[in-house]
Amino acid sequence: QVQLVESGGGLVQAGGSLRLSCAASGRTFSSTTMAWLRQAPGKEREFVASISWSGLSTVYADSVKGRFTISRLNAENTVYLQMTNLEPEDTAVYYCATVRRFPSTGFGSWGQGTQVTVSS
């Protein structure tokens with residue numbers, strides 16, 4: 001089973017940028033679709049983006065399209081989420097997860113989450 005640890009969250013002003021990282025352990029990372037999801041206070045967890053095992057295919061939620069970029073480096077067992085032009089509505093705990101089928105069918109392992117707070 002893949003174990004995931006997110007990092008890179010923090011407090012940023014609207015319009016700013018952050019890059020989240022998700023470090024994975026386990027031999028299957030390079031063959032696994034990965035995703036980022038988020039959960040804002042009082043709201044359900046929502047899909048943000050996913051990336052195929054090869055990195056050649058990506059999918060984004062409409063709310064982040066054009067502002068966020070998901071990428072991965074299989075040699076380092078890491079997946080990233082580059083977030084630009086952040087808005088207060090992006091405030092949430094961000095989680096990375098393994099995905100059984102690209103782009104977002106069946107989430108398996110989850111990280112503990114990293115808090116992103118965007119001030120207006």
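A: Contact here means heavy atoms within 4.5 Å. This is a predicted model, where local features need pLDDT of at least 70, side-chain atom pairs count only at pLDDT 80 or more, and totals for chains, interfaces and linings use all residues. Residues are numbered from 1 along each chain as its sequence is written, and side-chain values use heavy atoms, leaving out hydrogens and water.

Q: Ok, what is Thr78 in contact with, neighbours within four places in sequence aside?
A: Ser21, Cys22, Ala23, Phe29, Arg72 and Leu73.

Q: Is Thr78 buried or exposed?
A: Thr78 counts as buried because its relative accessibility is 9%. Buried is under 20% relative accessible area, exposed is over 50%, and partly exposed is in between (1.4 Å probe, protein chains only).

Q: Where is Thr78 placed?
A: In strand 8, residues 78-83. Strands (E, at least two residues) are DSSP runs, numbered from the N terminus.

Q: Which backbone oxygen lies 2.8 Å from a polar atom of its side chain?
A: That of Glu76.

Q: New topic. Which residues other than glycine have positive phi?
A: Asn77 is one, with phi near 50°. It is found in the loop between strand 7 (68-73) and strand 8. Asn85 also has a positive phi, about 50°, and is placed in the loop between strand 8 and strand 9.

Q: How accessible is Asn85?
A: At 44% relative accessibility, so Asn85 counts as partly exposed.

Q: And which peptide bond is cis?
A: The one from Phe102 to Pro103, with omega near 5°. Pro103 is in the loop between strand 9 (92-101) and strand 10 (105-110).

Note on methods: Helices (H or I, at least four residues) and strands (E, at least two) are DSSP runs, numbered from the N terminus. A polar contact is a pair of N or O atoms within 3.5 Å; within protein, one must be able to donate a hydrogen and the other to accept it, and residues adjacent in sequence count only if both atoms are side-chain atoms.
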